Amino acid sequence: GSREAYPYDFGRVSQLMRGNLLGSPFCMFPCEPSWIYPFCSSYALNTVILHDRLNGGDPDDVISGFRDSFDRDFMRPDGRLVAIRNGRLGFSVAAAPTINEAVLVPWLNPGVPELAQRLWWLMREQVIDLDGDEVLPTIRNLDRVDVGNYRYGKDTFARTMVVAAAKEMGDGEVATAVQRSIDSGTKSETKNGVRRYQRLSVYGNLAHTLGRFMRQDSMREVI
């Protein structure tokens, strides 16, 4: 077999993430060929933040660049998210709005909490309705894609992301309402003492489990 080795530790991974972020005009970089997702780049941002906080570094240059690019290149005039942009040509394409905004809230909160709070406030105003029959009345067809397996059908994955976002923002009212909508509309099964939602991907079930244990500022305190 090959004797070639690729030795990495936390410091080297963080250094690579910093280089990728600061080496891009968007201060974000593609996680698929040419396609930049702010959600994926938020993982890189948090890697740098966590490493620098543990080791006496300064992540402010990365945080500042990410924040500026997010406002400049990944926000629409109405304040909603541009969830995907081509890193070479700059154009964007349609993406699942509720999923991408909700999933970003917990991962933006550690480094750029003002962006997380703004996204959540806009979702609260434009996406969530606690007074009607449907708590997420504006959910779109693209939000019916389970990004854990790319199957189209139910919007359970989107709802699990909203629960996690609400928990991170300390909005128990929304978290409870959306969780009830999941339980009433999605079949579940219990095996060996573990409950899972049927027809929801492994990623979706794991994200839902994480959301159930979250509380206000969970990710911010961890990172």
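Colleague: Is the crossing of H2 and H3 left-handed or right-handed?
Modeller: The crossing is left-handed, a term for a near helix turned anticlockwise from the far one by less than a right angle. The model is predicted, with local features needing pLDDT of at least 70 and side-chain atom pairs pLDDT 80 or more, whereas totals for chains, interfaces and linings use all residues. Residues are numbered from 1 along each chain as its sequence is written, and side-chain values use heavy atoms, without hydrogens and water.

Colleague: At what angle do H2 and H3 pack, and why is H2 called roughly antiparallel to H3?
Modeller: Helix H2 (residues 38-55) and helix H3 (residues 60-73), both DSSP runs (H or I, at least four residues), pack at about 160°, with axes 10 Å apart. Angles run from 0 to 180 degrees between N-to-C directions, and those over 145 count as roughly antiparallel; therefore H2 is roughly antiparallel to H3.

Colleague: Which residues of H2 meet H3?
Modeller: Pro38, Ser41, Ser42, Leu45, Val48 and Ile49 of H2 meet Val62, Ile63, Phe66 and Phe70 of H3, contact being heavy atoms within 4.5 Å.

Colleague: What makes the largest pocket a pocket, and what is its volume?
Modeller: A pocket is an open set of points on a 1 Å grid where a 1.4 Å probe fits, with protein on both sides within 12 Å along at least five of seven lines. The volume, the space filled by probe spheres set on the points, is about 390 Å³. Of its 18 lining residues (an atom within 4 Å of a point), Tyr37, Ile99, Asn100, Val147 and Tyr150 are closest to the centre.

Terms used
Helix = DSSP H or I, 4+ residues; strand = E, 2+ residues; numbered from the N terminus. Parallel < 35°, antiparallel > 145°, perpendicular 65-115°, else oblique.
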